[in-house]
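Me: I would like to go through the labels attached to this model and check each against its cut-off. Please show the sequence and structure before we start.

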Amino acid sequence: MSPTLLAALLGFAFVATVTPGPNNLMLMASGANFGFRRSLPHMVGIAGGVAVMTLLVGTGLMALFEAVPLLESALRVLSVGYLLWLAVRIATAAPVADRTGDARPLTALQAAAFQWVNPKAWAIALSAISLYAPDRSLVSVALVAAAFTLVCFPAISLWTWAGTVLRRWLTGGARLRAFNVTMALLLVASLYPVLGLGR
């Protein structure tokens, strides 16, 4: 891969992972509700999950979707259902003072697994392979996955940090509830462009 194409890939990976979407909205909510340090496993899981997904998409899953288009439709239905469930959980999250011991941010494994029902992650992985590894060779696919590994964590950290900044303002229970409901509504709204609901 030429230096120019590599720079374009890194730029694509940064823009794709820093722009609003389910991962970043959930991280902002996690930062506001749990703080940056407790949200670190969530961030690690996202970065690792996106990289692994990109690698697997490039080494076979993309061809499977092309061969069996019904799988893509089934994935969309599953993704929408899961994101709506998550939105309800975020909207109804209790303020810190009212929480039971069960309240905690996503673990690294949960965040990595979430990528498989995250429509934006699928769109990013499929686009990245199509644009930057069209031959789907192991070397080019691994390079795309490595670019996401390098860029994703710093990009998503900005959202968690923004949540921690808001946390200071969200000291009252009513403010935190309003924030969580807003994040839940934005999470639902993030489905609109990714799923092509406006077409």
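Reply: A cavity is a set of grid points where a 1.4 Å probe fits but cannot get out. By that criterion, a search of the whole structure, which is a predicted model, finds one cavity of 30 Å³ or more.

Me: What volume does the largest cavity have, and which residues are closest to its centre?

Reply: The volume of the largest cavity is about 90 Å³. Its lining has 15 residues, and Ala16, Thr17, Asn23, Lys120 and Ile124 are the closest to the centre.

Me: Which elements give two or more residues to that lining?

Reply: They are α1 (3-18), α2 (22-34), α3, α6 and α7 (138-169). By residue class, the lining divides into eight nonpolar, six polar and one charged.

Me: What makes up the secondary structure of the chain?

Reply: There are nine helices and zero strands. Along the sequence the pattern reads α-α-α-α-α-α-α-α-α.

Me: Why are α3 and α6 called roughly perpendicular?

Reply: Helix α3 (residues 36-67) and helix α6 (residues 119-132) pack at an angle of about 85°, and their axes are 9 Å apart. The label covers angles of 65 to 115 degrees, and α3 and α6 are therefore roughly perpendicular to each other.

Me: Which residues make the contact between α3 and α6?

Reply: On the α3 side they are Met53, Thr54, Val57, Gly58, Leu61, Met62 and Phe65. On the α6 side they are Ala121, Trp122, Ala125, Leu126, Ile129 and Ser130. The residues of this contact divide into 10 nonpolar, three polar and no charged. Gly58 is a contact residue of α3, and glycine counts as polar in this scheme.

Me: How many residues does the chain have, and what percentage of them is buried?

Reply: The chain has 199 residues, of which 44% are buried. The label requires a relative accessible area under 20%.

Me: Why is leucine 55 called partly exposed?

Reply: Its relative accessible area is 31%. Buried means under 20% and exposed means over 50%, with partly exposed in between, so leucine 55 is partly exposed. Leucine 55 is placed in helix α3. Leaving aside neighbours within four places in sequence, leucine 55 is in contact with Val141, Ala142 and Ala145.

Me: How do you know that leucine 55 is in contact with those residues?

Reply: Contact means heavy atoms within 4.5 Å, and Val141, Ala142 and Ala145 are the residues that leucine 55 contacts once neighbours within four places are left aside.

Me: Why does valine 80 count as partly exposed?

Reply: Valine 80 has 25% relative accessibility, which lies between the limits of 20% and 50%, so it counts as partly exposed. Valine 80 is found in helix α4 (residues 69-91). The C-alpha atoms of valine 80 and valine 117 are 8.1 Å apart in space, and the two residues are 37 apart in sequence.

Me: What makes threonine 182 and alanine 189 partly exposed?

Reply: Threonine 182 is at 40% relative accessibility, and alanine 189 has a relative accessible area of 43%. Each value lies between 20% and 50%, so each residue is partly exposed. Threonine 182 is in helix α8 (residues 173-189), and alanine 189 lies in helix α8 as well.

Me: Which residues are given C-alpha distances to threonine 182 and alanine 189?

Reply: Leucine 25 is 9.9 Å from threonine 182, and they are 157 residues apart along the chain. Glycine 21 is 9.1 Å from alanine 189, at a sequence separation of 168 residues.

Me: What percentage of contacts between residues at least 6 apart in sequence join residues at least 24 apart?

Reply: The percentage is 85%.

Me: What makes arginine 136 worth a remark on phi?

Reply: Arginine 136 has a positive phi of about 55° although it is not a glycine. Most residues other than glycine have a negative phi. Arginine 136 is found in the loop between α6 and α7, and with a relative accessible area of 29% it is partly exposed.

Key. Residues numbered from 1 in each chain as written. Predicted model: local features only at pLDDT ≥ 70, side-chain atom pairs only at ≥ 80, totals over all residues. Heavy atoms only, no water. Axes fitted to C-alpha atoms, helices over the stretch in contact; angles between N-to-C directions. Helix = DSSP H or I, 4+ residues; strand = E, 2+ residues; numbered from the N terminus. Parallel < 35°, antiparallel > 145°, perpendicular 65-115°, else oblique. 1 Å grid on protein atoms, 1.4 Å probe; cavity = no way out; pocket = protein on both sides within 12 Å on 5 of 7 lines; lining within 4 Å. Points joined across faces, edges and corners; volume = space filled by probe spheres on them. Buried < 20%, exposed > 50% of the residue type's maximum accessible area, 1.4 Å probe, protein only.
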